[in-house]
Amino acid sequence: MKNLILIAAPGAGKGTLSNDLLEKYDYVHISTGDLLREQVAKGDDLGKKIHEFQVAGKLVPSEIVYEALEKKLSDKACDNGYILDGFPRNIEQAEEYEKILERSGRELGTVIVLDIPKEDLIKRITGRFTCKDCGEIHNIYSEELKPVKEGVCNKCGGELTQRKDDNLESFEVRYQTYLESTEPLIDYYKAKGVLHVIDSSQGHDYTLEQAEKLISN
Ligand code: AMP
């Protein structure tokens, strides 16, 4: 399967689309946000440093991200194809990624942009709850993704938690960072002929359907 890169503003549905694709396809999900949160959970000095950037909604220094990513890409399971979620975040990371691809013998694949208006993002961010056990993403403002029982995962019954950076203040910083640093990647990948845009404001089923068309092409 083609490797996928998902580019989108915070809350646009990268995580949800990734989970949906993982249920149907043999992809490996590489979320740099998750890789960094795993490091934070270790509670060491590096984890504490990363945590400060994440809670403030700022990008973590790229070197830390490259190391975690390259380690993950050395995993044989990535041979079947992987979904890159949250990386690259800027042109500099995209350029470095090409060097990482060369070193790891992997292909760029297809780039998917999830397009959605800012007003929708705020609801998605402030209403987002993730299962501690299986990672399923819920949203209290969405008919499709609402937890049936408050605080309980629809899929496995696990406990739902809210990310520390899923608040309005942190969202504004993350959104500005997206506009300034990440959005220029759209032209960057368009010029390479690998870019596809999906209107993710049309909901979770529509987004999955469109992404599946791209994978099968
Ligand atoms: P995400 O889970 O993708 O929303 O990322 C959450 C936070 O992790 C971001 O706000 C950044 O602080 C950090 N992060 C994730 N991916 C990257 C990246 N590629 N470069 C720098 N920081 C990142």
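## The ligand and its shell

Around the ligand there are 16 residues, of which T32, R37, Q54, K58 and Q93 come nearest; a residue belongs to this group if one of its heavy atoms lies within 4 Å of the ligand. The model is a predicted one, in which local features need pLDDT of at least 70 and side-chain atom pairs count only at pLDDT 80 or more, while totals for chains, interfaces and linings use all residues. Residues are numbered from 1 along each chain as its sequence is written, and side-chain values use heavy atoms, with hydrogens and water left out.

Helix α2 (residues 32–42) gives the largest share of this shell, four residues, where helices are DSSP runs of H or I with at least four residues and strands are runs of E with at least two, numbered from the N terminus. Sorted by class, the shell holds five nonpolar, five polar and six charged residues; Asp, Glu, Lys and Arg count as charged, Ala, Val, Leu, Ile, Met, Phe, Trp, Tyr, Cys and Pro as nonpolar, and the others, Gly among them, as polar.

## Polar contacts and burial

A polar side-chain atom of Q54 is 2.9 Å from a ligand oxygen, and an N or O atom in the side chain of Q93 is 3.0 Å from a ligand nitrogen. In R163, a side-chain N or O atom lies 3.1 Å from an oxygen atom of the ligand. The ligand taken alone exposes 480 Å², and the protein buries 97% of that, with areas computed by the Shrake-Rupley method and a 1.4 Å probe.

## The largest cavity

A cavity is a set of points, on a 1 Å grid over the protein atoms alone, where a 1.4 Å probe fits but cannot get out, and its lining residues have an atom within 4 Å of a point. The largest cavity has a volume of about 40 Å³, and its lining consists of T16, N19, D20, E136, I137, L145 and H204. Helix α1 (residues 14–24) supplies the largest share of that lining, three residues.

## The second largest pocket

A pocket, by contrast, is an open set with protein on both sides within 12 Å along at least five of seven lines. The second largest pocket holds about 420 Å³ of space, and of its 24 lining residues G11, R124, S142, L145 and H204 are the closest to its centre. The largest share of this lining, four residues, comes from α1.

Terms used:
A polar contact is a pair of N or O atoms within 3.5 Å; within protein, one must be able to donate a hydrogen and the other to accept it, and residues adjacent in sequence count only if both atoms are side-chain atoms. Grid points are joined across faces, edges and corners, and a volume is the space filled by probe spheres set on the points.
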